[in-house]
There are 2 protein chains.
Amino acid sequence: MSRRQVVETIRVVEARRPEAIGREVCIRGWVRTRRDSKAGLSFIEVNDGSCLGNLQVLAPASLPNYETVVKHLHTGASIRALGVIQASPAKGQATELLAQQVELLGDADPNTYPLQKKNHTYEFLRTIAHLRPRTNTFGAVTRLRHRVSLSIHQFFHENGFYYIHTPIITSSDCEGAGALFRVTTLDLEHLPRQQGRVDYTQDFFGKPTYLTVSGQLQAEAYACALGKVYTFGPTFRAENSNTTRHLAEFWMVEPEMAFYELADNMNLAEAFLKRIIADALRDCAEDMQFFQERVDPHLLPRLQHVLETPFQRISYTEAVDILSRAGRVWEFPIAWGKDLQSEHERYLAEEHFRAPVILYDYPRTIKPFYMKVNDDGRTVRAMDVLVPGVGEIIGGSQREDRYEVLEERLQEQGLDREAYRWYLDLRRYGSVPHSGFGLGLERTLLFLTGLTNIRDVIPFPRYPGHAEY
Amino acid sequence: MSRRQVVETIRVVEARRPEAIGREVCIRGWVRTRRDSKAGLSFIEVNDGSCLGNLQVLAPASLPNYETVVKHLHTGASIRALGVIQASPAKGQATELLAQQVELLGDADPNTYPLQKKNHTYEFLRTIAHLRPRTNTFGAVTRLRHRVSLSIHQFFHENGFYYIHTPIITSSDCEGAGALFRVTTLDLEHLPRQQGRVDYTQDFFGKPTYLTVSGQLQAEAYACALGKVYTFGPTFRAENSNTTRHLAEFWMVEPEMAFYELADNMNLAEAFLKRIIADALRDCAEDMQFFQERVDPHLLPRLQHVLETPFQRISYTEAVDILSRAGRVWEFPIAWGKDLQSEHERYLAEEHFRAPVILYDYPRTIKPFYMKVNDDGRTVRAMDVLVPGVGEIIGGSQREDRYEVLEERLQEQGLDREAYRWYLDLRRYGSVPHSGFGLGLERTLLFLTGLTNIRDVIPFPRYPGHAEY
C-alpha cells in the first residue's frame, strides 16, 4: 500500500504514448478482454474511457494472485494495475504495461453481465443505456459529443458572443407550433376547476406553462442589448413521431446577433460548421477513424469535402427552378410556395451541387412570423443550410425588426399580440437589424459519425414511450 | 453608403483601447445618454454590450443631420456612428470617437421607454426582464455569467472530463425528495382514466414523468465507463418557496469521477472554485470593479481571501463541537444528528475560521441513500463547501459503491428498488470507488457579485407565479 502512494497514476491515453515507456505507473480501468498464454502470462486489455484504444496489461504468472484473481478477470471487471510501461512488440500499440501488481476492484459476473466480447446491435444497446458507454461506439460518441460541445463554446467565445441561459419552462410558445409538453404541479387526480374548466391560477406559475421549443425569442432580447449571444441547451418537441430523426428532448445551439443581416448570418453559419468539423477531425482523430471503419466508409472524405468547399448560396426560387428541371419524378411534387422535402434537399446537396447549400428567401407563407419580410412582399429572409448525407442541418433568418410589420405578421398567423408584447418592445425601443440560426446538436453528430439513428448520439434518448433512467 | 463599406466596424471594447487612436471606424450600439454642449457639439454615450464602459461619440453641429436627428437622440435609441478614434481629454476614458456621420437605426420614445437615466430598483427591473440586460448591472452579470460558464467547461476539459447531457425529462426521482414538476401531454380537460385513476399509459412516455432535480445518477453511469465526466444544465425544484435564495429553474454543474475518494473530491472542489474566482477577477476586471463599487464594498477583498486561503477541512462532528462551545444562542439548537442551518454554516466560515470550510462525514440519517457509509456505520462520506458571504455553495460525496450496502440504504429510505435497478447495476458490474459534487451556478454568481437576490443573476427567473417571457 505504501508503495502505491508514490507511483503516479496515469490514464490509458497517456500510457499508450511512446513517451511513457520506462515509467513506473498505476492505471485503473475496466477489463475489455483477457487472454491467458501458455507461456505463463495473461494479456488483459484495459480501457478507462480516456481514448478508444485499450492498454494491454501483461500479467505474469509470478504475480501472487495470478491463479486466484488474474486468471478469473472477466470482461467488465474493474482493476488497478501497477507496473512499468514498455515498448510493445504487438501491432497497433506502441506500449504495454508489465504488471507488478494487479488488483480487482469490482467483478462482473459473466453469466449476467450483458456486454460480452461479441458485437451487439444498436437496438440491444439502447435497452441498456446505462451500460452502453462501456462500448467502443458509445465511448467514441461521448468523446465526440464533448468535443463538439466545447467547440461550440470556444467558437462563440472567441468571436465575442455571450452564453445566455434562456428559460426551459415558458408560458410562451416560440413558433405557434403545437406539440408542447405541459409542465404542472397540479394534482391530476384532483384537478382544481373553475366554471368547469381546469383552474391554472392554482398551478405553480399561476398559468399554463410548457417546455421550451426554442430559446430564440429570449435570446433576441439579449442580442438587442449585448450584441452577440448564443444559447445552448435542451429543447423539446412532443411530436408523436417514432423516427430515426426525431427526439422528444434534444440539444440545440442558437446564436443571435445584433447588426447582422442575412449574408452575415450565412457567413457565420458556414464558418461555425467548418470549425466544428475541423476540430472533430483534429482532436478526435482516433474516434473519427473508428466511425469511418465501422460505421460509414464515406465519412471522412465527405467531411473533408464539406470542410474545403465554399457553401453554395441559392434562393428558394432558384432551387425550385432547378428541381423542376431535374427530370425526375418527385414523391412530393415541386411548386413555388411549397416547402422543400428531404428528397429535394438531398438532391440539391448530394447530386446537383455536390456541396453544402444555403437556401434563402423562402415564401413568407411557409415560414414563422419573426422572419424579416423582403421588399418583394412574397418572401422572407430565411436560410437553411443543407449538407450531403443529412440534409437540413441549420435553419435561421434575419429577424423582422420593423414594429408594424411584425405586428401585422403576428395577426396574419393568428398569434396573440398580447403574448408577444415584450417581443414587440424590442422593435419599439432601439430596434436594430439582427439575425440568428439554430443548429441541432444530435443532427450534427449524425453528420459527424455516419450513425443513422438519432437515439444513438444522446446519452439517454427520450421518445414516445421511453423515458427510462 | 459606399464609404461605409470600406470602413471597419469595431466594438466599443476595442474602440476604448488606446491602440485604436487614429483609426477610422464604424461603431454600432445603443445610446445611454446625450448631452448637448453650447460649444456646438453633442456628447453621445454609446454602449454595445461588449464591455461595461461606453464610447463617447462627439457629434459636431456641422453634421448634416445634427438638428434633425442628433439633437433628438434619446436614451435607448440604436445608432451607427462613423468617424475617427482620438485620445480623449475626459476622465475615465482613453478614447472617444469624433463622428463624421451619425445614423439613427431605431428610436426609443422617451415618454414610454422604461429605462431612463435614473437608477431603477432591482424589483422594477425584474418586471422588464427583456429590457434589463440594457442596464449596467445586468450587462455586467451577463458577461460574468458567460465567463463563469466558460471557466466551467475549460476547467473540466483541461482536466480530462467529458461533458455529458443527462436527461431533463425523467421517470426517476434522484433523491426521493418530493417537489417535482410533472411533464405531460395528457389533455387535462379530458384526462383518460383506468379504474378511476389517471391512466398514464396514455401519456407521451407511457408513465408519469418529471423534470430532473439532478443529473448525478445518470452521470455516474458515464463516470463508471469513461472515468471523469460532468453535467452542466438546468435543474428544477417545484418548492413553493418565495425566497431570495431559491429558483424553480436553475443551472447546476455536477462533476462525477471514477476512482475518486472523498479527499480527491475535496481537492477538486477547492481547485474548481478557485479557478472560477481567478478567471472572473482576471477576465471580468471592469465588471467586478463595478460590483465592488455599486453592490458590495467587501466583495473583492473577500474573493481574494478565498482565492488565497487553503480551505479548512473539518468533520461534521468537530463542527458540532465547535458550534456547541461557541457560547451563543442559536435559533436552531445544535445537536449531533441534526442538519446544520445557515446560521451555523456562516458562523464557521465567517467567524470561527474566517475561511472557506469543507465539512465532511455527516450523519447517515440526514443524507441521501447514495452516499458511502463510513466504517463507523453512523456517518456517510458527504462533504459541503461553505464560503463566507453565501454559506453552502457545493455539496457532494463519495458514492456508495457496494451493491449490498446500497440496496440496504434504498430500503432504509423507503425507495423502490426496481426503479434503481439500473443504478444498482453500476455496482454489480465493475464497481469502482467514485465521487462527485454539485455547484449551483446562480449561488456562485451571488458569491461573485455580492448581489443578494438570486432572481437577479439569471436572465428570466422562474419562481412561484412567474414564468413570463
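Predicted model: local features only at pLDDT ≥ 70, side-chain atom pairs only at ≥ 80, totals over all residues.
User: Why is Arg455(B) said to lie over the face of Tyr463(B)?

Analyst: Arg455(B) is placed 3.5 Å from the ring centre of Tyr463(B). A charge sits over a ring if NZ of Lys or CZ of Arg is within 6 Å of the ring centre and within 35 degrees of the ring normal.

Residues are numbered from 1 along each chain as its sequence is written, chains are lettered from A and ligands numbered from 1 in the order in which they are written, and side-chain values use heavy atoms, with hydrogens and water left out.

User: How many aromatic pairs does the structure hold over all chains, and what makes the pair of Trp422(A) and Tyr423(A) edge-to-face?

Analyst: There are 54 aromatic pairs over all chains. For Trp422(A) and Tyr423(A) the ring centres are 5.9 Å apart and the planes stand at 75°. Rings of Phe, Tyr and Trp (its six-membered ring) pair if their centres lie within 6.5 Å; planes under 30 degrees apart count as stacked, over 60 as edge-to-face and the rest as tilted. The distance is within 6.5 Å and the angle is over 60 degrees, so the pair is edge-to-face.

User: What makes the pair of Trp422(A) and Tyr469(B) edge-to-face, and why is the pair said to join two chains?

Analyst: The centres of these rings are 5.6 Å apart, with 80° between the planes, which gives an edge-to-face pair. Trp422(A) belongs to helix α12 (residues 421-428) of chain A, while Tyr469(B) belongs to the segment after α13 (441-449) of chain B, so two chains are joined. Helices (H or I, at least four residues) and strands (E, at least two) are DSSP runs, numbered from the N terminus.

User: How do you know whether Trp422(A) counts as buried or exposed?

Analyst: Buried means under 20% relative accessible area, exposed over 50%, and partly exposed in between (1.4 Å probe, protein chains only). Trp422(A) has 8% relative accessibility, so the residue counts as buried. Tyr469(B) is also buried, at 12%.

User: What area is buried between chain A and chain B?

Analyst: The figure is about 9000 Å², and carbon and sulfur atoms give 64% of that area. In chain A, the residues that lose the most area to chain B are His165(A), Leu188(A) and Tyr429(A), together 9% of what that side buries. Buried area is the accessible area (1.4 Å probe) that two parts lose on being put together, summed over both. The contact (heavy atoms within 4.5 Å) takes 107 residues from chain A and 107 residues from chain B.

User: Why is the pair of Glu189(A) and Arg197(B) called a salt bridge?

Analyst: The closest N and O atoms of Glu189(A) and Arg197(B) are 3.6 Å apart. A salt bridge is a side-chain nitrogen of Lys or Arg within 4 Å of a carboxyl oxygen of Asp or Glu. The distance of 3.6 Å is within 4 Å, so the name applies. Across the interface of chain A and chain B the rule finds six salt bridges.

User: What makes the salt bridge of Arg364(A) and Glu412(A) a tie between parts apart in sequence?

Analyst: The side chains of Arg364(A) and Glu412(A) meet at 2.6 Å, N to O. Arg364(A) lies in the loop between β16 (357-363) and β17 (379-387) of chain A, and Glu412(A) in helix α11 (residues 403-412) of chain A, so the tied parts are 48 residues apart in sequence. Arg364(A) counts as buried at 16% relative accessibility, whereas Glu412(A) is partly exposed at 42%.

User: Why is Gln56(A) called buried, and what polar contact joins its side chain to another?

Analyst: Gln56(A) has 8% relative accessibility and therefore counts as buried. The residue is found in strand β4 (residues 55-60) of chain A. A polar contact of 3.2 Å joins the side chains of Gln56(A) and Glu96(A). A polar contact is a pair of N or O atoms within 3.5 Å; within protein, one must be able to donate a hydrogen and the other to accept it, and residues adjacent in sequence count only if both atoms are side-chain atoms.
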